[in-house]
Structure formats: C-alpha cells, structure tokens
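Welcome! Let us take a friendly walk through this structure, one topic at a time.

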Amino acid sequence: MKIAVDAMGGDHAPAAVVEGAVLAATELGIPVILVGDKDRVEAELNRLGADRSLISIRHTTEIIEMCEPPAQAIRKKKDSSLKVCFDLVKAGEADAVVSAGNSGAAMAAGMFLLKKVKGVERPAIAVTVPTMKNPAIVLDVGGNVDCKPIHLVHFAIMGEQYARFILKKDRPKVGLLSNGEEEGKGNELTRETNALLKKTSLNYIGYVEGRDIYQGDIDVIVTDGFVGNVVLKLSEGLVEAVTTMLKNEIMASVPSKIGYLLSKGAFKNLKKKIDYAEYGGAPLLGIDGVCIISHGRSNPRAIRNAILRAKEFSESKVNSYLAEYIEKDGDLERLSRTNEAAAGS
C-alpha cells in the first residue's frame, strides 16, 4: 500500500504536506510517495530530520495553482505534481492520491486518467461532518457547481453506499437540501430531483433544511457543489468565530478562567469533534480509483489523517462495491432513461 501525496498542493505546501506525510509514515507505518519539486521536498525532509525508510520522492517540475481552470491545467501541465500523482495510481505504482491543491483539477484528473465508475456521470466530493448525534455525510461540496437532477440522484446513491461503510448504517437516511421541508419549496433543480429520488430504492426522507444537517437525524445530505461548498465554508467560518468568541469571553474575567479550567476536558473533546484536521479530507466518489481531497489550509495533522483515510478507503474496496451496486440495482440506468426521455419531450 503506497499513497501518492501531492507535495505542492495547498496553502502551506510543501512544508505542511511533507510534515504530514512524515507523520503518516512514522506514526502509522504508511509508505508515501511525495510528488513535487525534489529540492524543496528534500529541504523539508532535512529540516524535519525525517526517517525516509517509508518515504520516496517523485520529482515534478510544474504546479497547478488554485486559480487555474481545472481541465485545461491537467491537459497542459503534464508534469504537474497533481497529475503525476494520478499517473502513479493509473500505472499501479500507488494505491491512492492525497491532495490539498486545486480540487477541480483533482476531479478532472480522476475523470480523465482513472475514469468514472460505470453508470456515474459526475463524481462528487463527500465530506463527513460532526453532528449532535452521529457523523453525517454531505455531498457534493465543490466538485460540481452546475448540476442536473440526475446528477444529484447519482450523488444520493453514491453517498448512501459510502455511508454504509463509513457510518456502518444498514439503511442510511437520505435527504435533499432545500430551503424548506414542504413539497412546494425549493427551486426547479430540487423539485425535479425530489421527484426522481422518490422513485429510487433509497431510504429517501425528502427535503431537509440547513439547520437539520447538524441535528444528526439524517445520514446523507445531498446538494449541488455550489450550495454544498457554501455550506462547508460557512460551517468552518462559524466554528472559527465561535471558538474566538469563547476565548475572548473566557479571558474577560477571573471566574470565566476558573470555569474554563474546570471544563478544559470538555472543551478539548469538543475541539476534536469539530476540527476538520481530524477528518483529514473528503473522498472523490465515482472515479475508478481513490482520491482524498484535503482542505487547502490543511496542517500536518490533517495531511496525516488524509493519508490514513486514503489507506482505509482503498482497503475497504468501496469503489468496487459502489460499481457492483449500481450495476445490480438499476436505479441510475432506469432514471437516466426517464430523465433523457423527459428532456427529449
């Protein structure tokens, strides 16, 4: 098991990425291939005094920046660290990709180089979020900003299967994110998707609102990548704001400081639950391979956990089960035909 890590991807690359890879190799025993500028990667390894027994380097000369058009960047920058990571998986030299770089480019590389799971039109980024009860899965959170109803159905089916393995639920509850629970709510996209989802064999419960995400009663929340990414970034911003406000309140008086000391354990546990670094990254579902997309601001611990998730995801064979489920179930094929017929009329 080897994980190809995009050493040049992310806001704090290569320093944070290399350190995270070293943690994964030394603490977890996971072999990694650091893909990127050899001189810069070597410098970071030397700074850390890293044990290199489980670490190798693949030199590349190009970097895909966050602002570049994804598909165009993958086609033009053939020696970019991100593309070469996928080349290694395609060639069988690595089992999975981890990148904190351009998520759109990662999606494009997954589609072009590893291809899509049969029956899936659009891959989706599925993030695990903490709730008041058990973790939930939200998808898509940025892979597809413009979607058709059938694409959201694809996301629902992939998310449901992923939840079976990650959340260990035999019958995960699936909800469609909208601006209200009533049937008349939503826009054209959600209304058409809602009608299609009712025809699937999923445990579909209908519309859910934004406030329902963190209640913990829904296992899989489906939306398009535009809304999903806004939800994700809003959640991250809210956590940071609340954390800062709490710190300010605690430091405002002596009684507050004493109260904090008495509740320090509870605050520590809460921080661990809501810290994105604990989850590492989100899998790109629907490609015929494994790619974990990490937060652009990932710190070393987030990269370390993303590599662990990549290993676990690869070993679980979720993609194989997903392809098998889609082929046997027939929901996607049947609903795709229905959707095409409706569009033609």
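## A buried glutamate and its partner

Glu68 counts as buried, with a relative accessibility of 19%; buried means under 20% relative accessible area, exposed means over 50%, and partly exposed lies in between, using a 1.4 Å probe and protein chains only. The side chain of Glu68 meets that of Lys77 in a salt bridge, 2.7 Å from N to O. A salt bridge here is a side-chain nitrogen of Lys or Arg within 4 Å of a carboxyl oxygen of Asp or Glu.

Before going on, a word about where these values come from. This is a predicted model, in which local features need pLDDT of at least 70 and side-chain atom pairs count only at pLDDT 80 or more, while totals for chains, interfaces and linings use all residues. Residues are numbered from 1 along each chain as its sequence is written, and side-chain values use heavy atoms, with hydrogens and water left out.

## The chain at a glance

The chain contains 14 helices and eleven strands. These are DSSP runs numbered from the N terminus, with helices (H or I) of at least four residues and strands (E) of at least two. Of the chain's 345 residues, 48% count as buried. Looking at contacts with a separation of 6 or more, 70% are between residues 24 or more positions apart; contact means heavy atoms within 4.5 Å.

## More salt bridges

How many salt bridges does the structure hold? There are twelve. Side chains of opposite charge can pair when their charged atoms come close.

Glu44 is buried at 15% relative accessibility. In another, Glu160 and Arg164 meet at 2.8 Å, N to O. They sit four residues apart in helix H6 (residues 149-166), so about one helical turn separates them. Glu160 is buried at 1% relative accessibility, whereas Arg164 is partly exposed at 28%.

## The sheet

Eleven strands form an open sheet with mixed pairing, in the order E3-E2-E1-E4-E11-E10-E5-E6-E9-E7-E8. Two strands pair if DSSP finds at least two bridges between them. At the edges stand strand E3 (55-59) and strand E8 (203-208); each has a single partner strand, so one side of each is left without a neighbour in the sheet. From one strand to the next, the twist averages 25 degrees. Axes are lines fitted to C-alpha atoms, for helices over the stretch in contact, and angles run from 0 to 180 degrees between N-to-C directions.

## Around strand E11

Strand E1 (residues 3-6) and strand E4 (residues 96-99) run parallel, joined by three bridges. Ala4 has Val97 as its bridge partner in E4, and Val97 also stands opposite Cys291 in E11. E4 and E11 pair in the parallel sense over three bridges, whereas strand E10 (residues 281-285) and E11 pair in the antiparallel sense, over three bridges. In that pairing, Pro283 stands opposite Ile292.

Are the residues of strand E11 (residues 291-294) buried or exposed? Cys291 and Ile293 on one side, and Ile292 and Ser294 on the other, are all buried, and both faces of the strand are covered.
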